[in-house]
Amino acid sequence: MADPPGCCRPCATCLLCLYSCQWITAKKEKRKGLRTTKCDCSWFLFLFCVFLFTLVWVYFAIVILNDFHNFNEFIFRQRKLWLDWSLVLLIATAMLITYSAVLLVLALCLQLCGQPLKLHWLHKTLLILTALVVAAAFTGLGIKWAEEWRSARISLQATGPFLHIGIVGGMTFLAWPLASFIYRTRNTGLKVFLLLVYCAVMIALYLAPLGITSPCIMEGNQLPPKPALVGHRGAPMLAPENTLMSLRKAVDCDVQVFETDVMVSADGVPFLMHDEELTRTTNVQDVFPERAALNSTAFNWTDLQQLDAGSWFLERRPFPTVQSLSADDRDQVTKQRIPSLEEVLKAAKQSNISIMFDLRPENHSDYQSFVNATLEVILQSGIPLQQVLWLPDGFREQVKQQAPGVQQVYGRKRHQNEKEPLLHVNLPYQDMSSEEIRQYRQDNISVNLYVVNQPWLFSVLWCSGVSSVTTNACQVLKEMKHPIWLLPSSTYLMIWIVVDCTSFLAILWAFLLLKKCSQRRWPVESETDVLLTKINSLMQE
């Protein structure tokens, strides 16, 4: 089979060596009579599917980075081992997609050069392992982290228009090796099948924007106000979570609400702590090693004040931003202690920032006494009650009676026959659609969604009209003056038409150009075949 113009023999030899893992020059390949068999075609199809499968996983890996800190905390609670597993995920994903992409590019180049696709057994084994690893990753995601499937659906509202352009571009590029293969093969049935499949896929892609919806496809004057920021345990990327330093950093980020978690010590002092155990965010294993596994509520306030609640932040580096802390900030981190609710309310009052909290653990036998102790501290603090947002469902009616000015925030959607209308709801961002957010906004219900760290997610929720978001990355979202992208529907329609027309013309050009090249080669090949036939006949005579 003749090499197409522009494909030099050394290049073809190099591609063969990388793909087949054996040194076969293009000349030897011809002498051996190597051809691409049906089995080789099947392995190429498998390679293409593995590449697409891995590419989808890359997309998922990028999406779940928004929530990956929760996964790190989960692993620590299970194994007492802290590691930023997002780095492991990204490195492994990059290796898998790079390997499958390089192999696919080699195969496409070999096809364009008219060389056989003899995939080496080592590559076949590694491809199977790649498929198994990605399949295992998706299975684990579905079992342990099912809500991330909903996150992926939301992400399509931010990436859908751009994914469409990218996929159309990729399929347009694929027209070159496809046309090259079609003009070389003599199997008419296979030609028709491939052309029909390719045309069906391209038609579906050209019409895909009919099914793409995004709240960010709107006129600029229809954009809702920027959502307020709620600091998730303060500013946990800039300071140890649930500390006074974290509150101060949140105030610097223009956060309007400090979201935290409250527990009550054995002697009745409400304090800030998220985990039921103290091991992740304090040095309890060094100070009280025999009591380290006890519930946080089993310690009295005197014991809790002996714990360092900041040094872990520098040692474990829960976020990459820890590396950029100034020397003064690092010094302040080492001085952090577990703050009492009274201290936090005093700081919130001085900074004119609201505080929203959960009271943990909800299943504790003394939970009512926890509620009473917490209410007592709130009422004695002197903070305006409208600055306190109450999340716990337990004994809510009692709270309404004793502190009627406290704002009640509900962790559920409204019911159809609601006796008392909801004014504030606090939900995971996966639990509300853009349409529901708009409806709640029209009904003057404040919607806070958590936890939102990535700008793409913040942009989608901003365009949807959400009231506020709880975030770890207040320093990032603070700097956003507008959504990442905002397109009027007329502009998006124009982009859609231009992309589709450009793709169609490029595909048409690829097929016409390669048809001319094939017509130039076939006469030469036909004359050679006739000459060889005559020589063979003479030898037989």
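Modeller: UniProt annotations may be inferred rather than shown by experiment, and with that caution in mind, the unreviewed UniProt entry lists residues 227–481 as "domain: GP-PDE". The model itself is predicted, and over residues 227–481 its chain is 34% helix and 16% strand, with the end C-alpha atoms 11 Å apart.

Colleague: Why is Glu 241 called buried?

Modeller: Buried means under 20% relative accessible area, and Glu 241 has 8%, so the label applies. Arg 233, at 4% relative accessibility, therefore counts as buried too.

Colleague: What makes the contact between Glu 241 and Arg 233 a salt bridge?

Modeller: The requirement is a side-chain nitrogen of Lys or Arg within 4 Å of a carboxyl oxygen of Asp or Glu; the closest N and O atoms of Glu 241 and Arg 233 are 3.2 Å apart, so by that definition the pair qualifies. Both residues also belong to a network of salt bridges that links Glu 73, Arg 77, Arg 233, Glu 241, Asp 275 and Arg 280, and a search of the whole structure finds 18 salt bridges.

Colleague: How do you know that Lys 400 and Glu 397 meet in a salt bridge, and where do they lie?

Modeller: Their N to O distance is 3.5 Å, which is set against the limit of 4 Å, so the pair is counted. Lys 400 and Glu 397 both lie in helix H17 (residues 396–402), 3 residues apart, about one turn of the helix. Lys 400 has a relative accessible area of 18%, and because the cut-off is under 20%, Lys 400 is classed as buried.

Colleague: What makes strand E9 a strand that is covered on both faces?

Modeller: In a regular strand the side chains alternate between the two faces of the sheet. In E9 (residues 468–471), Ser 468 and Thr 470 on one side and Val 469 and Thr 471 on the other are all buried. Strand E1 (residues 228–232) runs parallel to E9 and is joined to it by 4 bridges, while strand E8 (residues 446–450) pairs with E9 in the parallel sense over 2 bridges.

Terms used
Residues are numbered from 1 along each chain as its sequence is written. This is a predicted model: local features need pLDDT of at least 70, side-chain atom pairs count only at pLDDT 80 or more; totals for chains, interfaces and linings use all residues. Side-chain values use heavy atoms; hydrogens and water are left out. Buried means under 20% relative accessible area, exposed over 50%, partly exposed in between (1.4 Å probe, protein chains only). Two strands pair if DSSP finds at least two bridges between them.
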